[in-house]
Each structure stands twice: as C-alpha cells, then as structure tokens.
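Student: I have a new model open and would like to learn how to read it. Could you take me through it one feature at a time?

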Amino acid sequence: MALVEIRNVSKIYHLGGEEIRALDDVSLDIESGEFISIIGPSGSGKSTLMQIVGCLDTPSKGTIKLDGTMIQDASPRQLAAIRNQKIGFVFQFFNLLPKLTVLQNVELPMVYGGIGGRERRERAIQALELVSLANRSKHRPSQLSGGQQQRVAIARALVNNPKIIFADEPTGNLDSHTGELILQLFRKLSTEGRTIILVTHDPEIAAITPRRIEIRDGKIADKVDETLAGLNRIKPAVASVSP
Amino acid sequence: MNFWNAIVVGLKEIWAHKFRSLLTMLGIILGVSSLVAMSALVKGMETGAKEALVAIGGLQKIRIEPGEVPVEQRHLQDQAPGLTMNDVYALQASAPLVTKVSPEYRVPRPTIAANGKTFRPWVCSGAWPVVLELFEHEIAYGRMFNEIDEEQGRSVCVIGTNVRDELFGSPTQAGREIIPLGETLLINGQAFTIIGMFKHYETEQERKERELGLVQDTPARGGRRGRGNFVFRLKNGSIYIPLSTATIKFSNVTPQRGGGAASAAASAVGDFGAVQLTSIEVKIDDVSLMNASIQQVRNVLFSTHKGIEDFSFRTQEEWADNIETFVRNARVSGGTIAAISLLVGGIGIMNIMLASISGRVREIGIRKAIGATTENVFTQVLVESVVIAVIGGLTGLVAAYGLVHLLGSLSPTENEPIVTVTALGVAFLSSVSIGIVAGLIPAFKAAKLSPMVALRYE
C-alpha cells in the first residue's frame with residue numbers, strides 16, 4: 001500500500017461565474033521513502049496539489065488516502081492533527097514566526113501536538129542539531145540569513161517526525177549556492193528514509209529527485225519533457241548523488 | 001496548546017504593541033474605575049444617611065405632631081384638643097406597643113444669650129429626661145435634669161456642644177476642652193443654669209479625621225455652616241430644659257387653679273394639661289410591628305381627642321425609603337454610565353483585536369499549517385482579548401482608588417466614599433466578561449481563516 005494514494009482528484013474554483021479547474025482528475029501514488037518532485041510552470045496546479053495532499057485544502061472531487069486515512073472527508077480538527085503529526089511543510093518564504101526565537105519556532109508544532117515543555121525543548125534542539133543550527137536557538141529569525149532561516153524551517157518540519165515532508169519552492173528565495181546546500185540537506189534526509197515531495201518550477205532542482213511528475217493545466221503530463229526542461233544538463237555535483 | 005501558552009502569547013502580543021494596548025485598555029480602565037468610584041460614592045452617601053437615621057433615633061421612633069383636621073371633621077375643629085399631656089399619660093397607660101413616650105414643648109423663637117453673645121439654637125425644648133433615649137443623646141459632662149428638676153420646675157438646662165462653641169468658645173480655638181457647667185445663660189431673657197452638656201456628635205468620618213489629626217480646624221467648623229451631617233449639627237445645636245419649666249416660663253397658659261403666689265408654681269406644675277405640646281415622640285419595641293403600633297397610638301389618641309383626628313404621624317420609614325430610593329436611583333444611573341464606558345472599552349478591544357488579526361493573517365496561516373486547530377486559534381485570540389481586559393480591569397481597580405480619593409475631596413457630600421469588595425468584584429468580573437464578548441467576533445474570524453488562503457496572504 002502506497003503512503004499516499006491520490007484518486008481522480010479535481011479542484012474547481014469559481015471565479016465570477018467562470019469555472020477554473022486547478023486540478024483535473026489527478027491520480028497518483030507516492031510510496032513511503034520516495035524523493036519526488038512535482039514540477040510545472042506557475043499556475044499549473046502543482047501548488048494546489050501539494051496543498052490538497054498536505055491537508056491545507058480539500059478537493060472538490062476524488063479521494064486521497066494518506067497513511068491509511070481518507071482525508072477528503074476529514075473534519076478540520078482531524079486535518080489539523082494530520083498536518084501536525086504526519087506532515088511537515090517547508091515554504092519558499094520560510095514562514096517562521098518573527099516574534100519567536102528559533103527554538104520556539106521549532107517547538108511550535110509540538111506545542112500544538114500537546115508535548116510537554118522538557119521533551120519539546122530536547123526534541124527541538126535535536127532537530128536544530130540535524131540542520132547544524134543548535135547554536136542559534138536563542139536568535140530571532142530576522143537575525144539569521146535566508147539559508148539559516150530555511151534550515152530552521154526544515155528543523156520545524158522534521159520535529160514531529162512526520163510521514164511526509166512537503167517543500168514548496170524551498171530554494172526560491174535563496175541564492176544558488178545556499179539553495180544548493182538546502183537541496184543537499186533534503187537529499188541527505190531522503191537517504192535517511194524520509195518521504196519528501198519537492199514542489200518547484202525549476203527543472204534543475206527537480207533533476208535531483210529520482211522521480212519527477214510534471215503538472216500541466218491541472219493534469220499530470222504523460223511524460224516529462226526532458227529536453228525542454230533541460231534535465232539532460234544535470235550538474236555533476238548533483239548527478240553524482242542522484243541515481 | 002495549553003491555556004498558559006495562550007496567555008503568554010497574549011501577553012507578548014500586548015507587550016509588542018505597548019502604546020496601542022494601553023489605549024485599548026484605557027476604555028476598560030476608565031469603565032472599571034468609574035464603576036467602582038460610582039459605587040463607592042453611593043455607598044458613602046448611603047452609609048452617611050443611615051448613620052444619621054440611627055443618630056436621630058432610628059426606625060423605632062414615631063413622631064406625633066398636631067395635624068390638620070380632615071375635611072369631614074372641619075365642623076368639629078373648635079373642639080379639637082391638640083396634643084396635650086393627657087395624650088402622653090393615656091399613651092403611657094394604654095399603648096403597650098409603645099415603650100417610651102416623650103412630650104416636647106418647643107420654646108417659641110428662642111434666643112440664647114450668655115457671655116455677651118447671642119445665638120439661635122436649632123432646638124430649644126422643654127422635655128422629659130427620657131428625651132435622651134429617644135434622640136440618642138449622651139451626656140458627656142454634668143448630668144441630665146431629672147424628675148425632681150421637672151417636679152420643681154427648676155431653671156436648669158442641658159446643652160449641645162455647638163451651643164457651647166457659640167457662647168463660650170470652641171475647644172479647637174481655645175486648645176482645651178471648655179465645660180461651661182454652672183454657667184448661666186439666658187433663654188429669651190430667662191436665666192438658666194447649665195447642668196450638663198452632651199457629647200460632641202459627629203459622623204464616623206469626622207471622628208476618624210479628627211482622631212488622625214487630618215483636619216486642621218477651620219473657622220467655619222464651629223459654626224452652623226461647618227461640615228457634618230445635618231442631623232449631627234441639629235443635635236449639637238440643641239438645648240433641653242425641663243418640660244414643666246418650659247411651659248411655666250414660655251407658654252401663655254396661666255395656672256388654672258388660683259391661690260397664693262407660693263402655691264401658684266406648684267399648682268401650675270400639677271396642671272399643665274391644657275398646654276399645647278409641639279410634638280410627642282414615642283419609641284416602639286419592634287419595627288416589624290410599626291403599623292400595629294401606629295394604629296394602637298391612633299386608637300388611644302382618638303379616645304382622648306373625642307374622635308377628632310387633629311394629629312399626624314411621622315416615622316423615619318419614609319426617610320429610610322427615601323434613602324433606599326436614592327441609593328437605587330444613584331446606582332442605576334451611575335451604573336448605566338459606567339456600563340456605557342465599559343461598553344465603549346469593549347468596542348475598543350474588539351476593534352483592536354480585529355486590526356490585530358488582519359495584521360496577523362499570515363501568522364495564523366503558519367500556525368494552522370503546522371497543526372493549530374480552529375479551536376487553538378480561537379482560544380488564542382480570545383485569550384489575548386481577555387488578557388487586555390483583565391490587565392485593564394486590574395489597572396482600573398488601582399485607578400479607582402485614585403479616582404475615589406479625587407471624588408472624595410471634590411465631593412459635595414460629607415460622606416467619604418466607601419469602596420466595597422463587592423463593587424471591586426463586580427467591576428472586575430464585568431471587565432473580564434467584556435473582554436470575552438469583545439474577543440468573540442475577532443476570534444471567530446481568525447479561527448475560520450483557511451490556512452491556505454492565510455498562507456498566500458501578503
């Protein structure tokens with residue numbers, strides 16, 4: 001059984017009487033431990049797919065089974081619990097809370113998970129060690145560089161030990177070198193057995209993942225257009241790790 | 001997310017916007033402090049009024065006064081006897097619900113003179129010694145006139161401290177207590193010897209102030225326009241003389257039975273049944289039997305007055321009712337005003353909370369994305385609103401003390417405002433409930449934000 005089973009999912013918006021099909025009959029399986037990228041131009045529906053699978057939004061049609069739970073019928077409270085326990089998000093703009101310290105930001109998912117103060121602290125520091133930022137735990141996000149902030153966000157995504165990590169353009173707001181480091185971090189997490197879904201419009205980034213899914217006009221493209229996406233120009237450093 | 005966390009987050013949010021939070025709280029602070037101050041003022045007045053009510057004899061005292069003959073008895077007016085000593089004796093004999101009877105004859109237009117000074121007292125009356133108990137008088141120096149003084153019609157008097165102040169100088173000016181016992185004063189030209197002086201009557205507040213030495217004596221203090229409740233001024237400005245002496249010296253009733261000059265006085269003492277008394281004060285045992293007691297007195301008086309109702313009753317009940325009515329009205333009107341200012345404070349909180357959440361849409365989205373439930377967000381916003389209200393409420397309670405002191409010093413009444421625990425509790429609880437109510441709409445609005453929409457929000 002796949003970790004995520006997406007069956008005939010559609011998302012339809014109504015804007016001023018006009019029907020917009022952000023997702024159109026998408027079916028997809030994601031296995032546990034997979035490192036997968038969802039690629040597509042902006043407006044293609046890739047973010048919508050991520051939001052629906054990530055329990056931030058609900059589909060108009062279709063079913064999604066995530067780790068054995070049918071999430072299209074779940075209540076908002078159940079969805080919140082799934083987001084808290086089974087999913088970790090990494091966003092393009094980091095989305096750390098500016099008034100909290102790094103440590104408090106990483107602790108936050110556990111606060112909502114109802115974990116006691118002492119354990120929260122220990123686990124948050126462990127997660128920060130994983131991204132080599134334990135020494136910055138007392139800083140505010142604004143005192144860190146973009147790459148560091150994104151690593152804090154990754155630590156926050158990891159701290160509840162989720163089944164699946166969604167990264168939505170995680171390097172989109174970073175310079176190429178820093179972005180490279182973040183991607184290496186994801187790859188490292190992948191080799192540790194984590195399921196990671198990387199959402200990006202950049203074929204070069206998508207190239208680091210073993211499996212790539214291209215979304216066009218709300219549908220999964222039959223075949224990834226490798227020449228157009230430039231996937232044959234894989235950088236050596238990246239290529240050496242990808243299978 | 002537990003409750004404590006929500007409070008801490010709320011406090012941080014308030015601290016992050018100090019000035020804005022202060023302005024928001026100001027509404028609650030003013031509301032709470034005006035509620036407390038209003039209640040304290042009313043309580044002070046109520047206490048003062050009740051103190052005065054007790055000082056004048058309490059609810060158990062009924063005053064019988066000559067009254068207008070009712071229309072249907074007008075043709076009998078010339079037979080109306082008025083209040084006389086016969087009524088007093090009849091009441092003593094036949095009205096068991098009445099425990100004390102005290103006749104009073106007021107000296108008409110009294111002018112007191114002594115020591116080269118003159119003075120018009122509030123009360124100058126002939127009475128029986130029992131008058132002490134009916135008016136809650138207490139002798140501080142000397143003695144009250146007694147039955148022998150009464151029997152012999154002696155020219156003796158007992159004075160209140162204000163009479164002393166006016167004629168012999170006040171102790172605060174002299175720096176020592178002045179006790180004019182044995183001195184002579186003239187009442188409408190008739191000489192009387194002072195044999196006793198009442199204690200100085202004052203409100204609780206005056207007593208405290210005097211004991212603490214807070215009040216430096218002002219020239220007005222000894223005079224009629226000095227501070228102090230009217231009842232206490234009245235009592236301090238009293239002179240009592242034996243009833244017999246008063247009727248002999250100041251009424252136009254001449255002794256009925258003739259005889260030698262030597263026996264004239266004695267026979268007059270025995271026979272002033274015809275003297276028109278100013279009033280009869282009676283004291284009853286049980287206030288709950290007020291109506292029965294009045295009816296009993298009325299029955300007795302009907303018999304002595306041949307059924308002519310030329311008398312009326314005045315009880316303190318009316319006064320007590322007036323106090324109640326006044327207090328209720330003051331509470332309602334003051335409470336309404338304070339409630340309106342609390343409401344304004346609540347609207348301020350709601351406004352600021354709405355502004356606060358629209359500035360934090362993204363934060364709410366992030367929190368939801370990492371697992372905050374609708375309830376978590378709802379609680380957080382609500383707790384913030386309540387925290388503002390609670391801090392405002394507590395500050396308001398502190399501010400109330402200042403406001404009460406300010407009002408106390410500006411107050412037109414002599415009664416010091418009294419801050420009660422109940423008032424503090426009510427004010428505080430209303431601030432908390434205002435905080436909850438004001439937070440509901442913003443909390444609901446924040447809680448129903450979709451995480452996806454919130455995250456996309458810039």
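**Reading the model**

Tutor: Let's start with a helix on a sheet: in chain A, helix α1 (residues 46-53) lies across β1, β2 and β4, and runs at about 120° to β1(A). Helices (H or I, at least four residues) and strands (E, at least two) are DSSP runs, numbered from the N terminus. Axes are lines fitted to C-alpha atoms, for helices over the stretch in contact, and angles run from 0 to 180 degrees between N-to-C directions. Two residues are in contact if their C-beta atoms, placed from the backbone, lie within 7 Å.

Student: What should I know about the numbering and the kind of model?

Tutor: Residues count from 1 along each chain as its sequence is written, while chains are lettered from A and ligands numbered from 1 in the order in which they are written. This is a predicted model, where local features need pLDDT of at least 70 and side-chain atom pairs count only at pLDDT 80 or more, but totals for chains, interfaces and linings use all residues.

Student: In what order do the strands of the four-stranded open sheet of chain A run?

Tutor: First, the general idea: strands of a sheet pair through backbone hydrogen bonds, either parallel or antiparallel. Two strands count as paired if DSSP finds at least two bridges between them. Here the order is β2-β1-β4-β5 (chain A), with antiparallel pairing. β2 (18-30) and β5 of chain A are the edge strands, each pairing on one side only. Between strand β1 (residues 4-15) of chain A and β2(A) there are nine bridges, and A:E5 has A:D29 in β2(A) as its bridge partner.

Student: And how many strands does the open sheet with mixed pairing have?

Tutor: Six, in the order β6-β7-β8-β3-β9-β10 (chain A). β6 (87-90) and β10 (219-220) of chain A each have a single partner strand, so one side of each is left without a neighbour in the sheet. α5(A) packs on this sheet, touching β6 and β7 of chain A, and its direction makes about 170° with that of β6(A). Inside the sheet, β7(A) and strand β8 (residues 195-200) of chain A pair in the parallel sense over five bridges. Look there for A:F166, which stands opposite A:I197 in β8(A). Helix α6 (residues 176-191) of chain A lies across β3 (35-39), β7 and β8 of chain A, at about 150° to β8(A).

Student: Which residues have the most contacts inside the largest nonpolar core?

Tutor: Burial comes first: a residue is buried if 20 or more other C-beta atoms lie within 10 Å of its own, exposed if 12 or fewer, and partly exposed in between, with C-beta atoms placed from the backbone. A nonpolar core is a set of buried Ala, Val, Leu, Ile, Met, Phe, Trp, Tyr and Cys residues joined through C-beta atoms within 7 Å. The largest one here has 169 residues, and those with the most contacts inside it are A:V106, A:A155, A:F166, A:I197, B:V36, B:C157 and B:V282. Leaving aside residues up to four places away in sequence, B:V36 touches B:L397, B:A400, B:V419, B:A423, B:L424 and B:A427.

Student: How many residues of helix α6 of chain B are buried?

Tutor: Seven of the eight residues of that helix (residues 161-168) are buried, so it is largely enclosed by the rest of the structure. After α6(B) comes B:G169, with a positive phi near 95°.

Student: Which residue other than glycine has a positive phi near 55°?

Tutor: That is A:N161, in the loop between α5 (146-158) and β7 (164-168) of chain A. A:N161 counts as exposed because it has 11 C-beta neighbours inside 10 Å. A:D67 also has a positive phi, near 50°, and sits in the loop between β4 (61-66) and β5 (69-70) of chain A. A:D67 is partly exposed, with 19 C-beta neighbours inside 10 Å.

Student: How many residues of chain B are in contact with chain A?

Tutor: 16 residues of chain B meet 18 residues of chain A. On chain B's side, α1 (3-16), α14 (361-369), α15 (374-410) and α17 (451-456) each supply at least two residues, and α14(B) gives the most, with four.

Student: Where in chain B does pLDDT stay under 50?

Tutor: pLDDT is the predictor's confidence in each residue, from 0 to 100. Where pLDDT is low, the predicted coordinates should not be read in detail. In chain B it stays under 50 over residues 216-227 and over residues 255-270. Chain B averages 82, and 89% of its residues score at least 70.
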